[in-house]
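Subject: A structure for you to look at

Hi there,

Here is the structure I promised to pass on to you. Please open it next to this email and follow along as you read.

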Amino acid sequence: MIYGYIRVSTDKQTTENQHYEIEEFCKRNNLYIDEWIEETISSTADLNKRKLGKLIKKIKKDDLIIASELSRLGRNLLQVMGMLNKLLDTDARVWTIKDNYKLGDDISSKVLAFAFGLSAEIERKMISQRTKEALAARRAAGKTLGRPLGTKNKQLKLTGKENVIKTLLNKGISKTKIAKQLHVDRDTLREFIKQIKI
């Protein structure tokens with residue numbers, strides 16, 4: 001399967017240019033797009049919320065994704081490297097037109113896949129280390145971390161279910177059964193009832 005992947009960040013942007021570039025590239029290389037994947041979403045959005053994430057999960061060996069440029073896949077280097085690593089592990093191919101990247105099952109792609117995986121791991125460790133150092137510096141400066149003491153989350157687990165709970169209580173249904181029905185612990189329900197004074 002050959003997939004044409006197009007992404008824009010906002011509704012104001014158009015997909016036409018990317019569509020045209022991919023179609024022209026396919027004509028020059030005697031390729032045919034079997035399926036177009038188009039989405040309007042920020043490249044920084046969670047991959048699982050993107051159509052590209054779903055495509056990566058279903059892609060098979062020798063499938064090809066063609067995009068106008070690497071930045072269409074993701075803006076964050078770590079994200080792009082992770083994606084390419086997954087695709088190369090599956091023996092799928094990724095070609096980008098403007099950057100002229102052709103990642104596939106050749107030895108240079110395998111070396112790149114290793115480099116991507118290693119770089120992504122190093123970047124993750126560096127981010128983790130920077131976070132730990134920043135937190136340690138704040139602690140050393142006497143700053144309190146986390147939610148201020150005595151404050152509670154205003155949004156409770158059962159917020160929005162007040163009417164359901166009232167109705168079930170009025171019908172004489174036990175708190176244990178109500179908690180089970182709402183998939184919460186009995187203590188969570190009891191605490192919620194006490195807080196909102198049902």
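Below is what I found, going from the whole chain to single residues.

Please keep in mind that this is a predicted model.

**The whole chain**

The chain has seven helices and five strands. Read from the N terminus, the elements come in the order β-α-β-α-β-α-β-β-α-α-α-α. There are 198 residues, and 32% of them count as buried. The accessible surface is about 13200 Å², with 53% of it belonging to carbon and sulfur atoms. Among contacts between residues at least 6 apart in sequence, 64% join residues at least 24 apart.

**Strand β1 and its partners**

β1 runs parallel to β2 (residues 35-40), and six bridges join the two. You can find this pairing by looking for Y3, which stands opposite E35 in β2. β1 also runs parallel to β3, this time with four bridges. Here, I2 stands opposite L64 in β3.

**The nonpolar core**

Which residues touch the most other members of the largest nonpolar core? They are L52, I65, L73, L84 and L87, out of 20 residues in that core. The elements that give two or more residues to it are β1 (2-8), α2 (51-58), β3 (64-67) and α3 (77-89). Of these, α3 gives the most, with five residues.

**Charged pairs**

Side chains of opposite charge can pair when their charged atoms come close. In this model the count comes to eight salt bridges, and here are some to look up.

- E21 and K98 meet in a salt bridge at 3.4 Å, N to O. E21 is in helix α1 (residues 16-28) and K98 is in the loop between β4 (93-96) and β5 (101-103), so this pair ties together parts that are 77 residues apart in sequence. E21 is partly exposed, with a relative accessible area of 22%.
- E35 and K58 meet at 3.6 Å, N to O. Because E35 lies in strand β2 and K58 in helix α2, the pair ties together parts 23 residues apart in sequence. Both ends are partly exposed: E35 has 27% relative accessibility and K58 has 41%.
- E39 and R50 meet at 3.7 Å, N to O. E39 belongs to strand β2 and R50 to the loop between β2 and α2, 11 residues apart. Here E39 counts as buried at 6% relative accessibility, and R50 counts as buried at 0%.

Salt bridges that share partners also join E21, E69 and K98 into one network.

**A charged residue without a salt bridge**

Finally, have a look at R72, in the loop between β3 and α3. Is R72 buried or exposed? R72 is buried, yet has no salt bridge. The nearest side chain of opposite charge is E69, 4.2 Å away, and a salt bridge needs the nitrogen within 4 Å of a carboxyl oxygen. Not counting residues up to four places away in sequence, R72 touches Y5, R7, V8, Q18 and R50.

Happy exploring!

How values were computed. Residues are numbered from 1 along each chain as its sequence is written. This is a predicted model: local features need pLDDT of at least 70, side-chain atom pairs count only at pLDDT 80 or more; totals for chains, interfaces and linings use all residues. Side-chain values use heavy atoms; hydrogens and water are left out. A nonpolar core is a set of buried Ala, Val, Leu, Ile, Met, Phe, Trp, Tyr and Cys residues joined through side-chain atoms within 4.5 Å. Buried means under 20% relative accessible area, exposed over 50%, partly exposed in between (1.4 Å probe, protein chains only). Contact means heavy atoms within 4.5 Å. Accessible areas come from the Shrake-Rupley method with a 1.4 Å probe; for residues, only the protein chains shown count as cover. Two strands pair if DSSP finds at least two bridges between them. Lys and Arg count as positive and Asp and Glu as negative; His and the chain ends are not counted.
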